Amino acid sequence: MLKGKAVVLGVTGGIAAYKAAEILRGLKKNGADVAVVMTANAGRFVAPLTFEALSGRPVSVDLFDPPAPGGMEHLTLAKWADLVLIAPATANTIAKLAAGLADDLMSTLALATTAPLLIAPAMNTRMIRHPATEANLAALAGRGVHIIKPETGALAEEEEGYGRLASTESIVRRASELLLPRHDLAGRRLLVTAGPTREALDPVRYISNRSSGKMGFAIAVRALSRGAAVTLVHGPVSLEIPAGVHAVAVLSAGEMQAAVKEHLEASDAVIMTAAVADFRPADPRPGKIKKGGTDGMVLEMEATPDILGGIGRNKGRRIVVGFAAETSDLEKNARKKLAEKNLDLIVANDVTVPGAGFESDTNQVEMFTRTGRRIPVPLLPKEEVAERILDQVASLLEQAEEGA
Ligand code: CTP
């Protein structure tokens, strides 16, 4: 499917360099033509010959070397590429890209190309969490560089933690998407909710729940790149609003319900990832509640409106997707919610699984459809989980159209 697509695979000097061989094979298997560029340090981890044999092309390392027979010099490579993928990307290479340095072949090529740039960082946890690296990655993201977040797992020198190169599968998939952007949601209007809600107790206190909004934001970003027009109704989160998304900020469940109502009519599909508070203080006070010498208090709570339930009752031909955060009996509870709220799809996760749910960058879910299908999704970055959910939404929208 990637026939005719040209990829420059940049390999930099980290312990994960050997995984670049698998990435190269994955890209070749999908039909891409791949030319490998290595930094001098990468050559200390894996010999260029490995990549030469796998790619069937000469490997370039030095800016000043004349190209080998069949090879290209750096500006030609920069023009030839439909995608430049740097995997693994070390802290040093990321810093050079962020600063716009061009002191070797790889950095010069990255500066000279107009092709999309995709980088897969891999390094020690302390290095990736260092404010310098975080700032460099944020600067690159702000410039439109695509970044595949690393995973948590075994690192070099018997360490464990965040910073391990993303899986070969997700790197190849992301590269393929950039080479062949899917537009299966073109013309569709999606309404997505995300984040927690805040229910005021008084002007200084509130009741809320653990939710970062990452899952909903990932869905919004990926839906946009698949061609959808996206309205994102979000509670209080500390995430950057994605460019191109129509974002509506709300605080309470009541406000979220009003915003959803306003945008419902103009939507073809609704995806409710928000962790809406189920209860709110029955009698929020206009002034700050004082301790007043007592050593306890009883709080009376009332139910918030069930936003999703309301949508399900009047869904028309709209596709409605709900989420279920569970701590036990995942399938039973999810199917019950699917039926009770009249949904087309429910995305359920067991929030007790390590790495799944709430503030995590990854999630592991199971999806259930109205027609009884069960679609398990393994532990993946939330962006990848978002793609799997959107695959289902795209096909449900298509089926609804065919059935109409
Ligand atoms: N939801 C909603 N309005 C609420 C509460 C939840 O729209 N007041 C939505 C959530 O966005 C999610 C789905 O309903 O998509 C499931 O939420 P969850 O809290 O897991 O389920 P509940 O129906 O509230 O059931 P319970 O808390 O008993 O598990």
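A residue is called buried here when its relative accessible area is under 20%. With that in hand, let's tour this predicted model.

**View 1. Leu24 in helix α1.** Leu24 sits in helix α1, which covers residues 19-29. Because its relative accessible area is 0%, and the cut-off for buried is under 20%, Leu24 counts as buried. Leaving aside residues up to four places away in sequence, Leu24 touches Leu9, Val34, Val36, Phe51, Leu54 and Ser55. Ala78 lies 54 residues from Leu24 along the chain, and the C-alpha atoms of the two are 18 Å apart.

**View 2. Helix α10 and the glycine that follows.** Helix α10 runs over residues 214-225, 12 residues in total. From first C-alpha to last, α10 reaches 17 Å, close to the expected 16 Å. Which residues of α10 are buried? They are Met215, Gly216, Phe217, Ala218, Ile219, Ala220, Arg222 and Ala223. After α10 comes Gly227, with a positive phi near 105 degrees.

**View 3. Stepping back to the whole chain.** The chain holds 14 helices and 19 strands, and its C-alpha atoms fill a box of roughly 80 × 60 × 35 Å along the principal axes. Of its 404 residues, 49% count as buried. Among contacts with a separation of 6 or more, 66% join residues 24 or more positions apart.

**View 4. The surface and charges of the chain.** The accessible surface comes to about 19300 Å², and carbon and sulfur atoms account for 53% of this area. The chain carries 46 positive and 47 negative charges, whose mean positions are 2 Å apart.

Notes
Residues are numbered from 1 along each chain as its sequence is written. This is a predicted model: local features need pLDDT of at least 70, side-chain atom pairs count only at pLDDT 80 or more; totals for chains, interfaces and linings use all residues. Side-chain values use heavy atoms; hydrogens and water are left out. Helices (H or I, at least four residues) and strands (E, at least two) are DSSP runs, numbered from the N terminus. Buried means under 20% relative accessible area, exposed over 50%, partly exposed in between (1.4 Å probe, protein chains only). Contact means heavy atoms within 4.5 Å. Accessible areas come from the Shrake-Rupley method with a 1.4 Å probe; for residues, only the protein chains shown count as cover. Lys and Arg count as positive and Asp and Glu as negative; His and the chain ends are not counted. The place of a charge is taken as NZ of Lys, CZ of Arg, CG of Asp or CD of Glu. The expected span of a helix is 1.5 Å times one less than its number of residues.
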